[in-house]
Amino acid sequence: MTGASDVPATAAAYEHAPVTPDWTCGTCGAAWPCEPKRDRLLAEYAADRAMLSVYLGACLAAAAEDLHAPGSTSLQDRFLGWLPRRPKRF
Ligand SMILES: [Zn+2]
């Protein structure tokens, strides 16, 4: 930690990026997507929530393979269950 302000994008340390094959957060060590990452994803994909679902679906598929838990409900909850639902769908 040098405290440099111009850290390149490769600095996953503050990106809350997933560490495979365990799918834990590289920053805070929580199960990915961690709370900070969820906030970031919602902000990043605020204009296109459908793309966020697609992205997380791809992550879920990869995680299911890495964790050898295909079709796991808890994994689905973890990757997709936290997404705010659209009121109209109900
Ligand atoms: Zn994190």
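Colleague: Is His 16 buried or exposed?

Modeller: This is a predicted model, in which local features need pLDDT of at least 70, side-chain atom pairs count only at pLDDT 80 or more, and totals for chains, interfaces and linings use all residues. Residues are numbered from 1 along each chain as its sequence is written. A residue is buried if 20 or more other C-beta atoms lie within 10 Å of its own, exposed if 12 or fewer, and partly exposed in between, with C-beta atoms placed from the backbone. Since 21 other C-beta atoms lie within 10 Å of His 16, the residue is buried.

Colleague: Thanks! In what order do the elements of the protein chain run from the N terminus on?

Modeller: Helices (H or I, at least four residues) and strands (E, at least two) are DSSP runs, numbered from the N terminus. The protein chain has three helices and two strands. Going from the N terminus, the order is β-β-α-α-α.

Colleague: What phi does His 16 have?

Modeller: Most residues other than glycine have a negative phi. His 16 sits in the segment before β1. Although it is not a glycine, His 16 has a positive phi of about 55°.

Colleague: And how does His 68 count, buried or exposed?

Modeller: His 68 lies in the loop between α2 and α3, and just after α2 it takes a positive phi of about 55°. Because His 68 has 8 C-beta neighbours inside 10 Å, it counts as exposed.

Colleague: Which peptide bond has omega near 0°?

Modeller: Most peptide bonds are trans. The bond from Thr 20 to Pro 21 is cis, with omega near 5°, and Pro 21 is in the loop between β1 (18-19) and β2 (24-25). Pro 33 is in the loop between β2 and α1 (35-44). The cis bond with omega near 0° runs from Trp 32 to Pro 33.

Colleague: Which residues make up the largest nonpolar core?

Modeller: A nonpolar core is a set of buried Ala, Val, Leu, Ile, Met, Phe, Trp, Tyr and Cys residues joined through C-beta atoms within 7 Å. Of the 90 residues of the protein chain, 12% count as buried. The largest core has seven residues, namely Trp 23, Cys 25, Trp 32, Leu 56, Ala 63, Leu 75 and Phe 79.

Colleague: Which residues are in contact with Trp 32, leaving aside its neighbours within four places in sequence?

Modeller: Two residues are in contact if their C-beta atoms, placed from the backbone, lie within 7 Å. Trp 32 is one of the residues of the largest nonpolar core. Apart from neighbours within four places in sequence, its contacts are Pro 18, Trp 23, Thr 24, Cys 25 and Lys 37.

Colleague: How far apart are the end C-alpha atoms of α2?

Modeller: The expected span of a helix is 1.5 Å times one less than its number of residues. α2 has 18 residues, so it should span 26 Å. The value in the model agrees, with the end C-alpha atoms apart by 25 Å.

Colleague: Are α2 and α3 roughly parallel or antiparallel to each other?

Modeller: Axes are lines fitted to C-alpha atoms, for helices over the stretch in contact, and angles run from 0 to 180 degrees between N-to-C directions. α2 and α3 pack at about 150°, with their axes 9 Å apart. Angles under 35 degrees count as roughly parallel, over 145 as roughly antiparallel, 65 to 115 as roughly perpendicular and the rest as oblique. The two helices α2 and α3 are therefore roughly antiparallel.
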